[in-house]
Every structure is written in structure tokens, then in C-alpha cells.
2 protein chains.
Amino acid sequence: MKKAIATLAVLLLPCLAAGQKAPAPAQVVQAVRAYRMENEDRIMRELCEFLAIPNIASDTPNIQKNAAHLMEMLEARGIETHLLPITGRGPVVFGKLLSPEAKHTVILYAHYDGQPVDPAAWTDGAPFEPLLRNAAIEAGGKRIPFPVNGAGLRGGYNDDWRIYARSASDDKSPIVALLAALDALRAKEIPLALNLKVILEGEEEAGSPNLQRTLELHKNLLGADLLITADGPVHQSGRPLVFFGNRGDIGIDITVYGPLRALHSGHYGNWAPNPAMELSRLLASMKDEDGRVLIAGYYDDVTPLGEVEKKALAAMPDNDADLERELGIAKPEGAGKKLAELIMEPSLNVCGLRSAYVGSQAQNVVPDKAEASLDARLVRGEDPQKKFDQIAGFIRSQG
Amino acid sequence: MKKAIATLAVLLLPCLAAGQKAPAPAQVVQAVRAYRMENEDRIMRELCEFLAIPNIASDTPNIQKNAAHLMEMLEARGIETHLLPITGRGPVVFGKLLSPEAKHTVILYAHYDGQPVDPAAWTDGAPFEPLLRNAAIEAGGKRIPFPVNGAGLRGGYNDDWRIYARSASDDKSPIVALLAALDALRAKEIPLALNLKVILEGEEEAGSPNLQRTLELHKNLLGADLLITADGPVHQSGRPLVFFGNRGDIGIDITVYGPLRALHSGHYGNWAPNPAMELSRLLASMKDEDGRVLIAGYYDDVTPLGEVEKKALAAMPDNDADLERELGIAKPEGAGKKLAELIMEPSLNVCGLRSAYVGSQAQNVVPDKAEASLDARLVRGEDPQKKFDQIAGFIRSQG
């Protein structure tokens, strides 16, 4: 988040109103960094308080608590805030901070809801009780206490330390980082050269089913020159990434039904069709061994990359081999293409499988059903409804 | 269980010691039925008390409680009882009831442990709180109170009523039915013509890992002319079935590992191999669409059925079409063979699948692993270790 604060502070300064003396970006970064080191404790406390509010989109009371809390956070910075309501869900939190004489307006998008959680899977800690580790879990990080506030703390947070909580990275930190950047500029008396608007969504992880409708209803608020989405990955090398587009995503749940009730596998196996096997067969028929989707026409609508994009991709650092080692991947999919190229293509991914029970809970049954959840990423040129119909049509054709 | 009591009572009378007047089987059935109708309340109470003791094989304290309770039940009938211990598990409960002048000895096998349970899946009731329904759940059965004991109760239990609890059918009822049959014969002063032994196992559903060793250790107790296993299905028509052999069963857990941690499907999909997809591909490669196993040599060691067996199979009632309707099966596996024939063959069944999360809990990830549990039924002529090696070899050959 440290880099994020400085980056966001610079993004707020791309051009200055005439007559103002423009501080050089390097100076701004230095000033903001100084502010951050003096205020780490306060910034981290704000983040942790925010992370402690459970934020699953379908958990109506809590997601609305997040929005109310956000509104306070924005208004404390003098940002004019409106809650654009969505029935039963968290509202879109809209904020506006005008700068005298600014000629341009930037909208920053982020979301305050998080992915669904299985608390039982958080074996060391809990999703909504933020804790600090002295490194990432993958690097063997252990829990450590938060540093105690005091004069000696300046810059006391080590670069390897990590906060663990649902949405600690995706996507509450960018919101806190933006507000810290605003605080820093103000403290260092560096004027904002832009009008700033924010759109903070409360159901991105649920597929943003109401975002378009809600924004269209409040179109009058949304005039701007540029929209920045603060919800993308850093490069695996740790370097910040700027994306110039986003893939779309559709989620698909498949349930294969077997016998009306689970049957004893000794008494009915070989005769009763097994839905777990049928589902396996269906999924296996969707992709080849290189991960290429076999559904007819799956890649037909893709707008090919232009020369500029191809050059940008080629210029990206290639650390695929490091990643393979780090993630324990013997051979990636994609027939030799680089990760950066592959995520420019449409995808079809199995997010999860479930049928009856496994391991020590396994029962000797022909299950009554088998479920899979898939997600399909869409690229430029593709229509989500058409894609869905393509996949559904394929499933139907397999019987 | 009503039929079971009469059937078991008759089984105890296949031949009589010389000099005794043999009551005709029909008379015995009548006498036992009369006893049962007079004592339904007592018999059901004994069953329900037994069902209320949790009986998962790995739940050491409770499974041992079952054994202690069983010992009391047997000793109350004057059966000499020994607990043949298994460390950390429920003992084999061995019982012996000698009849003066009996020339033959029958061993009756049953098991007092049950399949693993997921209490959350018992949406109306709980696994170890037996309850009564006025019909099977599939037939729309609703909970009803147990009839109150009294003079008017004689024969008060309706034939359609069902007890629901873990092991209510598999396999505690046969034990209670046997004891009720003994009580009935004694009450009606019909002498036992056989020596009776019982072997009651506490980890059948866990694969009987210690049964052979334990019985070999106590071989001296086990002399007998016939062993009857009271752990098979009734025919779907409701008619009792006598099996003249049992298939074996091996359980196999497969885990396919993907990246070392679950990855964001948008950032790594198309590149990181997906273990749920790999598992699907593996399972799909194991069987063809008719359910025939494609693993090389899978059927090679099967001892073919003889003429007698074929005739017996052909003479069995064929209600496959009814079953298909009842279970909602559009087309069974087995390329047109009957259920009764198909369960004479080796099988390979997917008992369950699990990988990350599905439905509303789904996360947009490439999962870190995918698991399946399989069970393979073995027939005469097959060796479990060889079968396991065959399956494991196939998995290895698929990479």
C-alpha cells in the first residue's frame, strides 16, 4: 500500500491549473512518503477498522454498515458524498471533491465488498479480524503484534510485513490509500490539480448486477475525463501495473442431477448413472490439454491485439519461470505462450466442484447430484449473453 | 424389521436335535408374529435407545459406548459375550448361545457402526435422534410421534412407517431383530435347535481394517457350519433376499494438486493448470459412456457365473423399469443389462468430489487442489491389492 499512496498522489497531479507553480513529481513522492512514515500508525488503524466490518455483498446489514463507515471516512476529508441506493445491497458510494480552477476530472473506482469467505478455512486468524504478519504466509510469515504508537515508530512498518483480512488487498486498501494520499497532499500543502470523483461499489464480487443501472440513474453526477479502476493486480515482480482495459467475467453454475436420492454404490453402482462422473465428462470435453476451449466459436469474436498492445506485452518483464517455481507448476497451460499473453485471451475456468463427500467423510454412494462453478473471462469484442448462450448450447449438445 | 424378526427366527430352526418335536416353520412364524405384535413398543424402544448412541467408527468414545451397550443387550439374553479389543476403535463383540443337543452352529455377522454423517444435511431431524415417519421420505413421509405404550397398541405400528436415524437400517436393526427373535422363541417356548454365535463389528463402514486380524487372533471361538451376513439389501420389490456371496470393496482417495495456493482466475487462468479440470479429465478417462471401466485388464480376473447363478438371476423379479421411474433415471448404464446382472460385475464408482467452493460460495480462483473419493467393488476371483495397483497404475499412466 505504501507505493499505492505515492502513486495515487502523483495521479492526482497530472496537470496543474495555469498560474500555479507545479511541484515536480519526484518532490511530491518525497513529501508524500515523509507524510506516510510519520502517520503509518494512523493509516493502518483506519485500514484495520474498515477491514473489521464484514463485507460479503449478500450480507445486507453488514455491507450497509461498510457504506455508512465509508461515508464518514470520505466526509472527514471534505468529500461531498452520496449513497446511491440498491435495494437489499450495499449502495454505490459516490464522492466528489472539486478543486478551484481544475480543468479535468478523474473518477476513481474501487469496491468495498469482498469475496465470499469460509471462516473454517482461516486456520490461523479470522476473515474480519485483521492481523499483521512479518511476511506473506507463502514466505513463512508469522503473526506479530501491531507496533505500538509512539515517537519511535516513524517508518516502523517493514516492507515485508503483511496485513491479513478479507479484502485487505482486494479491494479496501486502495480506498484507504487514496484517502491517505489526499491527507498527505493537504498536510504538505500541495494543491490538487484535478477534480476527483469516486465510485465505490458494494457488490463487485457478486458480479456487479446493479452497477450499470445505478450509474445510469445518476449519470448527471458522473461527468469526467478519465476513469481509473483501482482493482487490478500488481505485476508478480512487485512492480505497479497500469492496465488500459478490463476483461469481463461471467459466472456459470452447473448442476448434474443423478438418481433422485443418493444410492448405495454396492446395490446400484454399474446401473445408476453417476452425476459426478457425468460432470467430469462434461468438463473434460470443454477444453483440450493445452487449456484451449473446445466449444465451437469460442474465440470467434475476439478483437485481435494491435501492434501497440503487442509491443507493450513484449516489453513486459518475463518472470514466468520464477512464477512456475514459486507456485509449484510443472508445466503451464497455453502451449508455450507467456502468462501476459494468455490473460489477453478469453478463458473458461473451473472455480470449484462439489458432489457428496470425500476423504474421511466419503460415503459409499452414487451421489444424487454434482455441482461445478465456472467463470469465463471475456475480452474486447465479446458479448456476455452470446458467450453464455455458446456455453449453455455446448452443455445441451453433450446431453 | 418385522419380516426380519420372523425370518431370523426361522433361520434359527433349520434342523432340530433328534427326539424333539419340530414345529412347522409356518407355526413358528405365526407364534413369532404374535409375540412381535404384543411387544412392538418394547422392541422399538430397544432399537431407538441403541440408535441414539453415535456410531461413527472413528469416534472412539462413542463407538466403544455402543459396544458396552451391545454387551448388556446380549447378556440380558443369557448370551456369553466377549469384547475382542481393537486399539482406538470399537471392539468386535462376540457372543455365543449354546443349545443342548444342537449339532450345528451358525454365526451371524452384523455391524454396529454407521456411515459418516454430515449433521447439517439432516434438515429435518438429527442423525442420532431416532424419529418416526408415517412413510418413507421419498413417499412424502411426515414426522409422527411414537405411539404411546398401552393395551390398545397391539400391532399399532403401520407397515409403511419408518424409523429415521443413522444405521436404522444399515446395520443396527438386524441386531435388534435377532434379539427380538430369540425373545420370541423363548416366550413361545420354542427351543433353539442350533448353537448361535454372533460377530458384531464396529468398523465395517471404515473398511473393516482390523476384522481379519482380530478374528484370526480368536479363531478358537469361531467354529461353525455356516456364517450369515445380516448386512445386505432387500430386493427393491420389498421381498427378502438371500445372497450367497459378497463383493469386496476398496476405497480410493485421489487428490490432484494445482498451484501451491489458489490463484485469482483472472490473473492466472489460461496459464495455471486447473486441478479440478485435471481431475475431471482423469475420471472421465476411466469409464466409457456405458459405465464400462477402461482400465486395462479391469475385468480379467473375474470368475464367470455358473449355470446355477445365471438361472437364479434370470428367475429374479425384474422391476428395473419401476426403479428407473422411482429414482428418476432416464437411461441406466450397462448397455441394456439388468441391475441384478450388473451388480455381479466389478464396479468403479465416484462417491464424491470436492474442490474449492461452488454456488453462492464460489470464489473466482484456480483451486489449489481437487479431490475425489472412489469405491471399487470386487467379485470372485479378484485380488484387492492387484485391483488397487491396476487403478493406481492407470492414474500414473495418465500423468
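Begin by selecting A:G269, A:N270, A:A272, A:N274, A:M277, B:K287, B:E333, B:S347, B:L348, B:N349 and B:V350, which line the largest cavity. This is a predicted model, in which local features need pLDDT of at least 70 and side-chain atom pairs count only at pLDDT 80 or more, while totals for chains, interfaces and linings use all residues. Residues are numbered from 1 along each chain as its sequence is written, chains are lettered from A and ligands numbered from 1 in the order in which they are written, and side-chain values use heavy atoms, with hydrogens and water left out.

A cavity here is a set of points, on a 1 Å grid over the protein atoms alone, where a 1.4 Å probe fits but cannot get out, and its lining residues have an atom within 4 Å of a point. Grid points are joined across faces, edges and corners, and a volume is the space filled by probe spheres set on the points. The largest cavity holds about 70 Å³ of space, and its lining divides into 4 nonpolar, 5 polar and 2 charged residues. In this grouping Ala, Val, Leu, Ile, Met, Phe, Trp, Tyr, Cys and Pro count as nonpolar, Asp, Glu, Lys and Arg as charged, and the others, Gly among them, as polar.

Next, select B:G297, B:Y298, B:D300, B:D301, B:E382, B:D383, B:K386, B:K387 and B:Q390, the lining of the second largest cavity. About 60 Å³ of space lies in the second largest cavity, and its lining is made up of 1 nonpolar, 2 polar and 6 charged residues. Over the whole structure, the search finds 7 cavities of 30 Å³ or more.

Now colour the two chains separately. Chain A is superposed on chain B by a rotation of 180° with 0.0 Å of shift along its axis (RMSD 0.1 Å), and that is the relation of a two-fold axis.

Of the 399 residues of chain A, 49% count as buried, that is, under 20% relative accessible area with a 1.4 Å probe and protein chains only.

Conventions: 1 Å grid on protein atoms, 1.4 Å probe; cavity = no way out; pocket = protein on both sides within 12 Å on 5 of 7 lines; lining within 4 Å. Least-squares fit on C-alpha atoms with pLDDT ≥ 70 in both. Buried < 20%, exposed > 50% of the residue type's maximum accessible area, 1.4 Å probe, protein only.
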